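The sequence and structure come next.

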Amino acid sequence: MKRRSFLRLTAAAGALAGLGMGTYAGKSLMVKTAEASQGSSGEAKKRLGMFIDGNGCVGCNMCTIACNKENNVGPTVTRTRVMPIKPDNTYITMACQHCDRPPCVFVCPITATYLRDRDGIVMQVDNKCMGCKYCMTACPYAVRSFNKYRPFDDPSAHNLNPEVPVRPRNVVEKCSFCDHRTDRGETPACVEACPVNVRFFGNIDDPDSEISQVIRNRNAQVLRPSQGTRPKVFFAFPYNLETRFDGRNS
């Protein structure tokens, strides 16, 4: 590992260790979470989330393909990935968990990543990201990718989506719930592309929404609840994800 990379990782790890999980979930971030869930009038905002039924996922990778195409993701990185879980012959799809208490937001030294207050999506200002990788170190789900290389040598030679800017090299890639789509009431590309309809998306604060009903009726779980991050991505599996998933290996 290069000395510069080592120093970056050491600094981020030291910051987290020094603060401790108790402090992380404490006053400063709790205030950010409270502010993110309320408007200027004090009214509750919606929280957008996703449910993925691992019992029905066939591992076709259509979600990854759709995500890459929709968001102009280059060939060397990914925003979402499908991982097999053995020996159960099931799959888990990993992307940003859009936490209510996101460690990535807490450690970003220049607020390039933030929790969007109107719907709880964890966003990133790509042209502000300096590529320090603190957010990657802090994320307990290992779902951010570093875009080391220029995504497209000649963007004009590709059929790119004009709604999504092409990221420069040396910035971090992450899922945005296809905010350009959800802002106009559509679902993320991965949900639309799923051929077996195991992905649901919507307002998890609305008890009558389809996703809220699915979460209640299908024994939904979140990854690593002990981390206190309060993810807004839910899964259904015939086993306990907390004991079966370590964030990097299946």
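## An enclosed strand

In this predicted model, strand 1 is largely enclosed by the rest of the structure, because 6 of its 6 residues are buried.

Leu48, Met50 and Ile52 point one way. Gly49, Phe51 and Asp53 point the other way. Buried residues make up both sets.

## Strand neighbours

Strand 1 pairs with strand 8, residues 199–203, through 5 bridges. These two strands run antiparallel.

Ile52 has Phe235 of strand 9 as its bridge partner.

## The largest core

The largest nonpolar core holds 37 residues. Met50, Ile92, Met94, Tyr141, Phe177 and Phe235 touch the most other members. Several elements each supply at least two residues of this core, among them strand 1 (48–53), strand 2 (81–85), strand 3 (90–94) and strand 9 (233–236).

A second, separate core has 9 residues. Phe51, Phe200, Ile215 and Phe234 are included in this second core. In soluble globular proteins, nonpolar side chains tend to be buried together.

## Contacts of Phe177

Which residues does Phe177 touch, leaving aside those up to four places away in sequence? Leu48, Gly49 and Met50 are among them. Phe177 also touches His98, Ile121, Thr182, Pro188, Phe201 and Val233.

Notes
Residues are numbered from 1 along each chain as its sequence is written. This is a predicted model: local features need pLDDT of at least 70, side-chain atom pairs count only at pLDDT 80 or more; totals for chains, interfaces and linings use all residues. Side-chain values use heavy atoms; hydrogens and water are left out. A nonpolar core is a set of buried Ala, Val, Leu, Ile, Met, Phe, Trp, Tyr and Cys residues joined through side-chain atoms within 4.5 Å. Buried means under 20% relative accessible area, exposed over 50%, partly exposed in between (1.4 Å probe, protein chains only). Helices (H or I, at least four residues) and strands (E, at least two) are DSSP runs, numbered from the N terminus. Contact means heavy atoms within 4.5 Å. Two strands pair if DSSP finds at least two bridges between them.
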